[in-house]
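Let's walk through this one together, question by question. Have the 3D view open while you read.

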Amino acid sequence: RMIKTRCWLRNALIVNIGGTKPEESIVPVIGTKVRNITHQRFYDYFSQQKVNKEVQSLAKQYTSNAVKIVQPTKEDIIEAAKCYFIFKRILADEKADALMMDCLPGLRKPHKHVPPCMGFMSLRDEGNAIGCQSDLNSTLTMMLLQELFDKPGFQHNASYNTEKDCYFCAHCTSPSRMNGVDKPADPYELMSHCESGWGTVPRVLFKADQEVTIARCLADTEKPQMLLYSGKIISCPPIPPTGGCRTNVETTINEIETGSDLKGQHLIMIYGDHTRQLKRFSQLYNIEVVV
């Protein structure tokens, strides 16, 4: 499976939504192709997307599956559902294996589209690697973890709670099927997007005491590296009083003694302790493991 995953990464295509120029590049050493399509193309698709039966059905699914709806209105949820179908269209048109998006510019006034976070959740739940903020290393890491372990990844902003002496991370989207695409979903609430203060995003409620792996592949170094940690979920702190992005989680970290030793940003979390397998994969393909 490790050999198959490495070959797949070498031949895979990531579509990036961002900027004003369509162009292509190859990730050094790894070989993955990255094809850039413009923001304007996504803006046009969003303005053209009708509220059809499929969109209404998905919005109803979001609503009925949520354990709580905090800020979003019915109209907000319907608009959020549009993004899923636009992303599916782009993946199909480009025959792509993964997607990432510079998702924040279009949220500024005047709004070009709604926060795409619900679409990201649904696609990750189906086994697609979807990266926030056009983060190539995060997207590659999600692709790797999905192919090796059949588990969607939670891309997040990493920090350390020095008062509680624990890892704290958060983002405004996450897969809900953290156990795997064919496994039951974790519960989620619907909230507004943190930075922009509007739209619909998921607050996924992860399981306490669940073991996790936290990783990030660094493909933009002279020699590929992998940041690699393991731990166990403590809790998902309530909002408020906790601020920041909507899906948040506190965990232990086994490999570091103090928070100042933590490395990396936009790491990817998956359920289960898979550090041993990832170390073997890294050894097989000359990737330096860093903690």
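Two strands pair if DSSP finds at least two bridges between them. Helices (H or I, at least four residues) and strands (E, at least two) are DSSP runs, numbered from the N terminus. You're looking at a predicted model, where local features need pLDDT of at least 70, side-chain atom pairs count only at pLDDT 80 or more, and totals for chains, interfaces and linings use all residues. Residues are numbered from 1 along each chain as its sequence is written, and side-chain values use heavy atoms, with hydrogens and water left out.

Q: In what order do the 3 strands of the open sheet lie?
A: Start at the edges: β4 (68-69) and β10 (201-204) each pair on one side only. β4 runs parallel to β9 (residues 188-191), and 2 bridges join them. The pairing in this open sheet is mixed, and the order is β4-β9-β10.

Q: Which residue in β9 does Ile69 stand opposite?
A: Look where 2 bridges join β4 to β9. There, the residue opposite Ile69 is Leu190.

Q: Is the pair of Tyr84 and Phe85 stacked or edge-to-face?
A: Rings of Phe, Tyr and Trp (its six-membered ring) pair if their centres lie within 6.5 Å; planes under 30 degrees apart count as stacked, over 60 as edge-to-face and the rest as tilted. The structure holds 6 aromatic pairs. In the one made by Tyr84 and Phe85, the centres are 5.0 Å apart and the planes stand at 85°, so this pair is edge-to-face.

Q: Is Phe87 buried or exposed?
A: Buried means under 20% relative accessible area, exposed over 50%, partly exposed in between (1.4 Å probe, protein chains only). Phe87 has 0% relative accessibility, so Phe87 counts as buried.

Q: How many residues apart in sequence are the parts tied together by the pair of Phe87 and Phe120?
A: Phe87 and Phe120 make a tilted pair, 5.2 Å centre to centre with 50° between the planes. Phe87 sits in helix α4 (residues 74-94) and Phe120 in helix α5 (residues 117-125), so the parts they tie together are apart in sequence by 33 residues.

Q: Over the face of which residue does Lys82 lie?
A: A charge sits over a ring if NZ of Lys or CZ of Arg is within 6 Å of the ring centre and within 35 degrees of the ring normal. Elsewhere, Arg6 has its charged end over the ring of Tyr285, 5.9 Å from the centre. Lys82 is 5.3 Å from the ring centre of Phe46.
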